[in-house]
Amino acid sequence: MKKNSIFQCATCALLSATALLAPLGASAQSSKSGADDWKFRASIYAWLPSLEVKSNFSVPPAIVNAGLTTGGNAEVDGGDILKAMESVFMGTFEARKGRWGGFTDLITLNLGQTKTGSKHFTIGGRLLPTVPGDAALTADFSLKGAVWTLAGQYAAIDEPGHNLNIVAGARYLTLDQKLNWSFSGNVGPIALPLRTGTMTSDGSVTDFVVGVRGQAKLGDGRWFVPYYLDVGTGQSNSTYQGLIGLGYAFDWGEITAAYRVLDYNLPDSKFVSDLRFNGGMIGLGFRW
């Protein structure tokens with residue numbers, strides 16, 4: 001599929017993929033009540049996930065010219081540096097009329113961490129040598145980007161105690177990465193071009209996703225269990241996202257807590273090969 005056609009289809013799917021995170025506080029009102037009225041919901045979330053990422057960088061010419069690698073790309077296990085992230089901001093907006101609705105959702109990432117004295121950090125498996133016992137490696141890895149989804153949904157089940165929506169749409173991922181490294185101590189066994197260096201990589205992918213989202217009410221309906229699951233493909237080999245949590249509804253909105261996972265598997269030619277976020281999140285939503 002051509003890249004332009006992918007983005008055209010993504011635009012056509014305007015109301016199709018951001019329902020991903022909206023399950024964290026689906027409307028407490030049934031579409032059967034005031035079905036002809038528009039209903040809106042806005043929410044903000046704080047997500048504290050751990051990160052697993054294998055980033056692909058172009059190897060600096062000095063390293064290639066020195067014959068220290070046979071290829072022009074290097075795979076970096078960023079998870080060796082970023083064991084956990086400080087925060088990820090997320091916001092959603094939902095519009096609904098009767099059984100039909102749409103969402104937009106935006107996640108922004110701005111992460112960075114330095115690991116000093118590492119004895120276990122590799123680039124490409126063979127590009128950086130094993131760190132000698134009397135040497136140390138300092139690695140600084142930063143990652144910035146966003147995940148933007150647009151989604152539409154249809155309420156296949158809309159009962160007082162249970163709401164289940166069919167979701168279809170598109171998810172867009174963009175990342176900008178930078179890696180700095182330097183050796184200290186006894187660096188004699190390490191070739192000069194490998195003792196310090198910088199690599200950068202960036203890119204984006206768009207995928208189409210389908211899934212389900214909804215909520216099951218507990219007791220008097222104030223407490224509810226939100227859930228979400230989608231799978232997709234497109235410019236990535238595959239992607240999926242899942243969420244389950246617990247929320248409490250007020251007259252004006254709801255407070256929710258959930259566990260969420262977002263996973264990407266991409267071709268080796270892309271800016272990352274594997275990317276996975278997973279962890280807890282809390283949110284505050286408002287309805288009108």
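The following exercises, each with a worked solution, concern a predicted model of a protein.

**Exercise 1. Describe the overall make-up of the protein: which secondary structure elements it has, and what share of its residues is buried.**

Step 1. The protein has two helices and 11 strands.

Step 2. Along the sequence these elements follow the pattern α-β-α-β-β-β-β-β-β-β-β-β-β.

Step 3. Of the 288 residues in the protein, 49% are buried.

Step 4. Among contacts between residues at least 6 apart in sequence, 70% join residues at least 24 apart.

**Exercise 2. Determine which parts of the chain are linked by the salt bridge of glutamate 254 and arginine 41, and whether each residue is buried or exposed.**

Step 1. In this salt bridge, the closest N and O atoms of glutamate 254 and arginine 41 are 2.8 Å apart.

Step 2. Glutamate 254 belongs to strand S10 (residues 253–265) and arginine 41 to strand S1 (residues 38–58); the pair links distant parts of the chain, 213 residues apart.

Step 3. Buried means under 20% relative accessible area. Glutamate 254 has a relative accessibility of 1%, so this residue counts as buried. Arginine 41, at 2%, is therefore buried as well.

Step 4. Arg41 and Glu254 are also linked with Arg287 in a network of salt bridges.

**Exercise 3. Examine the salt bridges of arginine 96 with aspartate 158 and of arginine 276 with aspartate 263, and state which strands they tie together.**

Step 1. The side chains of arginine 96 and aspartate 158 form a salt bridge at 3.2 Å, N to O. Because arginine 96 is in strand S3 (residues 88–97) and aspartate 158 in strand S5 (residues 135–159), the pair ties together parts 62 residues apart in sequence. Both arginine 96 and aspartate 158 are buried.

Step 2. For arginine 276 and aspartate 263, the salt bridge spans 3.5 Å, N to O. Arginine 276 lies in strand S11 and aspartate 263 in strand S10, so this pair ties together parts 13 residues apart in sequence.

Step 3. Arginine 276 is partly exposed, with a relative accessible area of 24%, whereas aspartate 263 is buried at 14%.

**Exercise 4. Characterise the surroundings of asparagine 165.**

Step 1. Asparagine 165 is located in strand S6 (residues 162–185).

Step 2. The relative accessibility of asparagine 165 is 0%, so the residue counts as buried.

Step 3. Its side chain makes a polar contact of 2.5 Å with the side chain of asparagine 163.

Step 4. Leaving aside residues up to four places away in sequence, the residues that asparagine 165 touches include Gln153, Tyr154, Gly211 and Arg213.

Technical notes: Residues numbered from 1 in each chain as written. Predicted model: local features only at pLDDT ≥ 70, side-chain atom pairs only at ≥ 80, totals over all residues. Heavy atoms only, no water. Helix = DSSP H or I, 4+ residues; strand = E, 2+ residues; numbered from the N terminus. Buried < 20%, exposed > 50% of the residue type's maximum accessible area, 1.4 Å probe, protein only. Polar contact = N/O pair within 3.5 Å; in protein donor to acceptor, adjacent residues only side chain to side chain. Contact = heavy atoms within 4.5 Å. Salt bridge = Lys/Arg side-chain N within 4 Å of Asp/Glu carboxyl O.
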